[in-house]
Amino acid sequence: MKIELQRVHYMPKELKPGVLYVSEEYGTAAHLCACGCGAKIRTPLGPTEWKLEVTESGPTLCPSIGNWQQACQSHYWIYRGEIEWADKWAPEQIAKGRRSEEERRRAYYDALDRQRGGVVQRGWRWLKGLLGK
């Protein structure tokens, strides 16, 4: 199955099959589930979420799409404009994947916090700015 990229400002109310809608202004993508069940799948874009890559062949979203809240529980990749099916995950795999995502997010924001000097230093800079010093 092919999937094409359509850049939008706002997500349309009705999504068409085979289209990955991307709003870069709002950092989000949406498409209809690749299995055909009709579920609207929304994927946030960002450094701790999904990454969009656009190639001549079509869009790529990374990591995979795991529709664990949907009845179909479809699992697939959008890679260069194609749907590539992945194995279904057992509940234990889903739970482990969610923990891994949370750890990745925490590590990213902890590193960002350290880079910015930590909570105390940011608070001190804010207070100094407030006092005009």
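Here, "buried" means under 20% relative accessible area, "exposed" means over 50%, and "partly exposed" is in between (1.4 Å probe, protein chains only). One thing to know before you start clicking: this is a predicted model, where local features need pLDDT of at least 70 and side-chain atom pairs count only at pLDDT 80 or more, while totals for chains, interfaces and linings use all residues. Residues are numbered from 1 along each chain as its sequence is written, and side-chain values use heavy atoms, with hydrogens and water left out.

**Stop one: Thr43.** Select Thr43, which is buried at a relative accessible area of 1%. Leaving aside neighbours within four places in sequence, Thr43 is in contact (heavy atoms within 4.5 Å) with Thr28, Ala29, Trp50, Leu61 and Ile65. Thr43 belongs to strand E4, residues 40-44. Strands (E, at least two residues) and helices (H or I, at least four) are DSSP runs, numbered from the N terminus.

**Stop two: the whole sheet.** Now zoom out. Four strands make an open sheet, ordered E1-E2-E3-E4, with mixed pairing. At the edges sit E1 and E4, each pairing on one side only. From one strand to the next, the twist averages 25°, taken between axes that are lines fitted to C-alpha atoms, with angles from 0 to 180 degrees between N-to-C directions. Two strands count as paired if DSSP finds at least two bridges between them.

**Stop three: strand E2.** Select residues 19-23: five of the five are buried. Which residues lie on each face? Val19, Tyr21 and Ser23 are on one side, and Leu20 and Val22 are on the other. In a regular strand, side chains alternate between the two faces of the sheet.

Next, look at the neighbours of E2. Strand E1 (residues 4-7) runs parallel to E2, and four bridges join them; Arg7 has Val22 as its bridge partner there. Strand E3 (residues 28-32) runs antiparallel to E2, joined by three bridges. Val22 partners Ala29 in E3, and Ser23 stands opposite Thr28. Between E2 and E3, the hairpin has four residues, and Gly27 takes a positive phi near 60°.

How many disulfides does the structure hold? For Cys62, the nearest cysteine sulfur is that of Cys33, 18 Å away. Cys62 is partly exposed, with a relative accessible area of 39%. Now select Cys72: its sulfur is 3.7 Å from the closest cysteine sulfur, in Cys33, too far for a bond. Cys72 is buried, at 17% relative accessible area.

Note on methods: A disulfide is a pair of cysteine sulfur atoms within 2.5 Å.
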